[in-house]
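Colleague: I have a model open and would like to talk through the fold. Can you take me through it?

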Amino acid sequence: MKAVADLVDERSLRSLAGAPTYLEGATCAEHHCARITESTDMRVVAHVDDMETYDTTLTADGDRLRWSCTCGRATAERPCKHVVAVGVTIWRQSPPRKDQPDDVSKGRGLGLSPDQGTRSST
Ligand SMILES: [Zn+2]
């Protein structure tokens, strides 16, 4: 089972909505158009201001994201930009992901070799 926040990464939203709709939604989120009014792991409800205020709901259904929006432009296959805006907003509020392992070689300092100049020769 996944939470809504696990299903709204940029790649998923972009492929669901298509690039133009994704951009509109991301721009909308950029301007804080989405106000989340109810948020659980499985369901997020938000008001989205876009000329009018729309009620947008995102739900996690197993491994799938589902949505509804009162603008009427979202279909079962394709979210509208308000859904994208809420998704982007949720994603930004959620803690950073650990999908990609950090570069392991990073942070390896040169280290100071212990000075072994105590050997004395006569
Ligand atoms: Zn909408």
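Modeller: One definition before the sheet: two strands pair if DSSP finds at least two bridges between them. Helices (H or I, at least four residues) and strands (E, at least two) are DSSP runs, numbered from the N terminus. This is a predicted model, where local features need pLDDT of at least 70, side-chain atom pairs count only at pLDDT 80 or more, and totals for chains, interfaces and linings use all residues. Residues are numbered from 1 along each chain as its sequence is written.

Colleague: Fine. How many helices and strands are in the chain?

Modeller: The chain has three helices and four strands, and along the sequence they follow the pattern α-α-β-β-β-β-α.

Colleague: In what order do the strands sit in the sheet?

Modeller: The order is S1-S2-S3-S4, in an open sheet with antiparallel pairing. S1 (34-39) and S4 are at the edges with a single partner strand each, so one side of each has no neighbour in the sheet. From one strand to the next the twist averages 25°, taken between axes, which are lines fitted to C-alpha atoms, with angles from 0 to 180 degrees between N-to-C directions.

Colleague: How many bridges join S2 to S3?

Modeller: Eight, and the two strands run antiparallel. Val 45 is opposite Thr 57 in S3, and His 47 has Asp 55 in S3 as its bridge partner.

Colleague: And what is in the turn between S2 and S3?

Modeller: One residue separates them in a hairpin, and Met 51 in the turn has a positive phi of about 70°. S3 and S4 also form a hairpin, with two residues between them, where Gly 62 in the turn has a positive phi of about 65°. Those two strands pair over six bridges, and Asp 61 stands opposite Arg 64 in S4.

Colleague: Switching to the core. Which residues touch the most other members?

Modeller: Val 4, Val 83, Ala 85 and Val 86, out of 28 residues in the largest nonpolar core. Such a core is a set of buried Ala, Val, Leu, Ile, Met, Phe, Trp, Tyr and Cys residues joined through C-beta atoms within 7 Å. Buried means 20 or more other C-beta atoms within 10 Å of the residue's own, with C-beta atoms placed from the backbone.

Colleague: Which element gives the most to this core?

Modeller: H3, with six residues.

Colleague: What is Ala 85 in contact with?

Modeller: Leaving aside neighbours within four places in sequence, Ala 85 is in contact with Gly 25, Cys 28, Ala 29, Cys 33, Ala 34 and Val 48. Contact here means C-beta atoms, placed from the backbone, within 7 Å.

Note on methods: A residue is buried if 20 or more other C-beta atoms lie within 10 Å of its own, exposed if 12 or fewer, and partly exposed in between; C-beta atoms are placed from the backbone. Two residues are in contact if their C-beta atoms, placed from the backbone, lie within 7 Å.
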